[in-house]
Amino acid sequence: DMWDNLQINILQSDISLNSREIGIQATIDVKSAFMHLAGVDEITITTESTAVQKASNLEIAMVLDISSSMNGNRLSNLKTAATQVVEEILSNNDNGLDVVSFNLIPYGGTVNIGNMFDEYVAPLTSSDVILDPSKNDYNIGSDVLEEEFRFSDGLNCVEHPYEDYSDDLIPLQSRGQVPHFYRWRSTNPWCPTSESAVVLNTNDGDALVDYIEDLTLSDGTGTDIGLLWGVKSLSPNWQGKLGGEFSDRPSEYNDPDTMKIMVLMTDGGITAQLRPEKGYVDGLDNIKGSQQTIVSTGNYNKTSSHNSAYGRQKKLCEELDQNGVKVFTIGFQINATSQAAKQMEDCAVNGGNYYLVESLDISQAFQAISASISNLRVSG
C-alpha cells in the first residue's frame, strides 16, 4: 500500500490563549509510472502546510457564591482566585484579540441586578404597584413572585417567577421587588448590596479587579438565581441589553468564532427563597422574625420541570448543555456525597469539569479552569 511509508513531521506548534498554529511536513515515496525506464523506481514527494485555528471571541460568566458562610478566609481566597482568572485571561489577550468579555454575577439569597433594575421592575407609577405592603397584603407565599410589590428601602433585586428560568428576555417593567431584610446574619442582607451587584459585558481589567476586591457578603444561597443571570448574560436573546462595552454581545450560540464559558462556584446547597411575612424589616428587630417560604429547596431527584430551587437549577443546566456552553463548577468545602455536590457535578457539561475543593485553596480550581479555557479555545 502506497500509504505505508507516509511520514508526518510536526515542524512547529505555537499555542496561545486564542489560537493554535501547527506546521506539518508530509513525506511519501511513490512508485514511478514512467521514470523507471530511466532507472528511477520511486519518487519522494514532500509537502509542507500550516494550519491556524483561532477562536477570536470569548464570553465568560462567573457566578460566585458570596453567602454568609463564605465569611473570613473563604471570601478572601475567592477574591484572590477570581482576580487571578481575570488578570491571566486578559494578560494573555494577544494576537490582536480584544474581544474577551466578562460577566460577574455574585449571589447570596438572590442577585442584585444593578442598573438594569429600573428596566425590569414594575414602576411606582403603575396602578398595579403596592408600595410597602401590609402584612395581610404580603403574606401570600409563592404568589409574592407574581405581584408588583415595591419597597421604600429596598435594594435592586427583583422577584423571578418560574418562567424567568431560561435564556429568554424578561418583560420590561414587569417584576416585583425583593424587600430589604436579613435572615441569619444581621450584617448580610438577603439582597446583595450595590457593591456586589452584577457587572456585565466588560473587559475593563482594572475595574473588574477593583470590583472583586470590594465584594461584600449576602445571606442565603440562591444558586438558582445566580445561574439564571449567568445564563442570560450569555444568551443571544440579550444582545445589546446588558450594557458594557459590547453592543453586539452576547453572540449567537452557533457562532464559530465564539466560545461561551460558565464558571459556577458555591460552598453549599441551595436554600429556599424566603421572605418576611410583613414584607420588610423595621430596623434590625425582626432579623429572625416570622417568614414565609415562597420557593422550596426541593431535592436532587426533582426534575427540571419541578418548581423548586433545585428544579430551577436543573432546568438552567439543561439549557446550557443544549446550547453548547462549556460549564465549569466548583464545590468549595461541600460534602462530596451531598445533593449539592451531585447537582454541581451534573451541571458541568460540554468539555467543562467539576472541582471539589476540600481545602481553603480555591485558587487551584480556578487556575485549572483558566488553563482549560486556554486549551479549549484552540481545540474546541
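Reading helices and strands in a predicted model

Modeller: Let's begin with strand β11, residues 291-295, which is mostly covered, with four of its five residues buried. Keep in mind that this is a predicted model.

Colleague: Which strand is joined to β11, and by how many bridges?

Modeller: That's β10, residues 273-276; four bridges link it to β11, and the two run antiparallel. If you'd like a spot to look at, find Arg 275, which stands opposite Gln 292 in β11.

Colleague: And how should I think about side chains along a strand?

Modeller: In a regular strand, they alternate between the two faces of the sheet. Now try the open sheet here, which has six strands in the order β8-β5-β4-β9-β12-β13, with mixed pairing.

Colleague: Which strands are at the edges?

Modeller: Those are β8 (199-202) and β13 (354-357), each of which pairs on one side only. On average, neighbouring strands in this sheet are turned by 10° against each other, ignoring direction.

Colleague: In what sense do β4 and β9 pair?

Modeller: They pair in the parallel sense, over eight bridges, with β4 covering residues 57-65 and β9 residues 258-266. Look for Glu 59 there: Lys 260 in β9 is the residue it stands opposite.

Colleague: Which helices lie across strands of this sheet?

Modeller: One is α4, which lies across β5 (100-107) and β8 and runs at about 10° to β5. Another is α7, residues 339-347: it lies across β9, β12 (326-332) and β13, at about 160° to β12.

Colleague: Okay, what about two helices packed together?

Modeller: You describe such a pair by the angle between the axes and the distance between them. Take α1 (residues 73-91) and α4 (residues 205-213): they pack at about 175°, and their axes are 9 Å apart.

Colleague: Are α1 and α4 roughly parallel or roughly antiparallel?

Modeller: Roughly antiparallel, because an angle over 145 degrees counts that way. By class, their contact has six nonpolar, two polar and three charged residues. On the α1 side you'll find, among them, Val 86 and Leu 90, and on the α4 side Leu 208 and Ile 212 are included.

Colleague: Let's end on a single residue. Where is Ser 370, and is it buried or exposed?

Modeller: Ser 370 sits in helix α8, residues 363-379. It counts as buried because its relative accessibility is 1%, and the cut-off for buried is under 20%.

Colleague: What does Ser 370 touch, leaving aside neighbours within four places in sequence?

Modeller: Glu 88 and Ile 89.

Definitions and conventions. Residues numbered from 1 in each chain as written. Predicted model: local features only at pLDDT ≥ 70, side-chain atom pairs only at ≥ 80, totals over all residues. Heavy atoms only, no water. Buried < 20%, exposed > 50% of the residue type's maximum accessible area, 1.4 Å probe, protein only. Contact = heavy atoms within 4.5 Å. Axes fitted to C-alpha atoms, helices over the stretch in contact; angles between N-to-C directions. Parallel < 35°, antiparallel > 145°, perpendicular 65-115°, else oblique. Nonpolar A, V, L, I, M, F, W, Y, C, P; charged D, E, K, R; others polar. Pairing = 2+ DSSP bridges.
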